[in-house]
Amino acid sequence: MDPLADEAPSTPIEYEPVSVKDVLIEMKDTAELLIDLAYSAVLHRNEDLAREVLRLESRMDLLEMRGRMSLMMAARNPDDAEQLAPVLGIVAAADQISDAAGDIAKIVLEDIGLPDAMRAALPEAVETLVRGVVTTDSTYVARTLKDINLESETGVRVIALRRGTEWLLNPGPETTIEAEDVAFMRGPDAGIEEVYETMTGTPHEPPVIDKPDLPDLERAVDTIVLMKNLSELAVDLAYSSVLFDSEGLAEEVQNLEVEVDALESRFEAWTLQAAADAEDPVRLRGLIHLGSATEVISDAAVDISEGVFRDIDVHPVVRMAVEESDEIIARVVVEAGSELEGRTITDGMPETETTMSVIAIRRPEEGWLLVGDADADVRAGDVLIAKGTRTAAAAFDELSRG
């Protein structure tokens, strides 16, 4: 049965006077969630998550069409067309990301082929992502996330909600949980079990974990997790490079794309070698699909930032989207003798008074370090990617200077 049959994806789409700014913001958030859900569906062999990816992919198709219509209506002269061309590229790239995420989900739904023991090989640091339908008698119903205080008490975060065909992509403290909501939650196994049962009224039943049936499967899964994280970071930086007209961030997107390509190449070589030793090589076919889809995502991230390198002025509609952003991404290079040199970053926060949260470090001689995976000491020459407010970003830049 088609998991999207109730969504009527073939319904005709008519032009509506929607804000291009709002469409761009929703496409960005949708692309990031698609990547997260798609890879989680594969790593946890979860068909429910995979079906949600296809629903979200259908939503992205609608956003893409509305975005194209609005851009066509906004172009009134050659100057407008020149400024809007990169925005049209952003819309197309977001659709490429969506299609790639859908291809990843189909690895699970169409049983294209995955090692049986992938979840057993997951690193301990990888949190569980689950999908649950909120029951009518749940104690969370009609309460805000701030009131429930899930993250502080259990370590579990609600990363998205689906309410019928409506998606709430960035639920905040004032978001209210309603009965029949489809909730997407991420956190440690112990917290997930408690929250899932309270949400849904049924115990959480993790899949039976088989013993690894391939040599070095743990290393392969580590590579998948790293490709997922680097792809997510590339998409985030690509949008930020456009929104803030930052050539520095656009350069980091290209650096990430090179890194993902190298990982994908090594991952493909491992898959072919493992297939030679496997009893049923066809069971590994999905890993080839996964590597190819990952490369599509990182290439699409480069396409998003293309306008920055071509030195095309940012269209006013993009500036409007920036003005509504409470949080920005900054890139700084740590100079010798700066306040940041030698500081330890723990849980993303450096040992300074700045409120910037470091999400990644690029060391020219060593490659990328995702700070969420490990604490790190800052070295001179490090390129730091951090999130925070504009004021904090300015202060952070000053701290990086010698």
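A: **Helix pair and surroundings**

The chain has twelve helices and eleven strands, where helices (H or I, at least four residues) and strands (E, at least two) are DSSP runs numbered from the N terminus. This is a predicted model, in which local features need pLDDT of at least 70, side-chain atom pairs count only at pLDDT 80 or more, and totals for chains, interfaces and linings use all residues. Residues are numbered from 1 along each chain as its sequence is written, and side-chain values use heavy atoms, with hydrogens and water left out.

The pair in question is helix α3 (residues 78–109) and helix α9 (residues 285–304), whose axes are 9 Å apart and which pack at an angle of about 165 degrees. Axes here are lines fitted to C-alpha atoms, for helices over the stretch in contact, and angles run from 0 to 180 degrees between N-to-C directions. α3 and α9 are therefore roughly antiparallel to each other, a term for angles over 145 degrees. The crossing of α3 and α9 is left-handed, meaning that the near helix is turned anticlockwise from the far one by less than a right angle.

On the α3 side, the contact (heavy atoms within 4.5 Å) is made by I90, A93, Q96, I97, A100, I104 and I107. From α9 come G286, H289, L290, A293, V296, I297, A300, D303 and I304. Of the residues in this contact of α3 with α9, twelve are nonpolar, three polar and one charged. Ala, Val, Leu, Ile, Met, Phe, Trp, Tyr, Cys and Pro count as nonpolar, Asp, Glu, Lys and Arg as charged, and the others, Gly among them, as polar.

For the whole chain of 402 residues, 49% count as buried, that is, under 20% relative accessible area with a 1.4 Å probe, protein chains only. Among contacts between residues at least 6 apart in sequence, 79% join residues at least 24 apart.

Two single residues follow. R186 lies in strand β4 (residues 182–187) and is buried, with a relative accessible area of 11%. Beyond its neighbours within four places in sequence, R186 is in contact with residues including D36, E127, R157 and K228. R186 and V130 are 56 residues apart in sequence, yet 6.5 Å apart in space, C-alpha to C-alpha.

S265 lies in helix α8 (residues 247–277). At 43% relative accessibility, S265 counts as partly exposed, the class between buried and exposed, the latter being over 50%.

Methods:
Angles under 35 degrees count as roughly parallel, over 145 as roughly antiparallel, 65 to 115 as roughly perpendicular and the rest as oblique.
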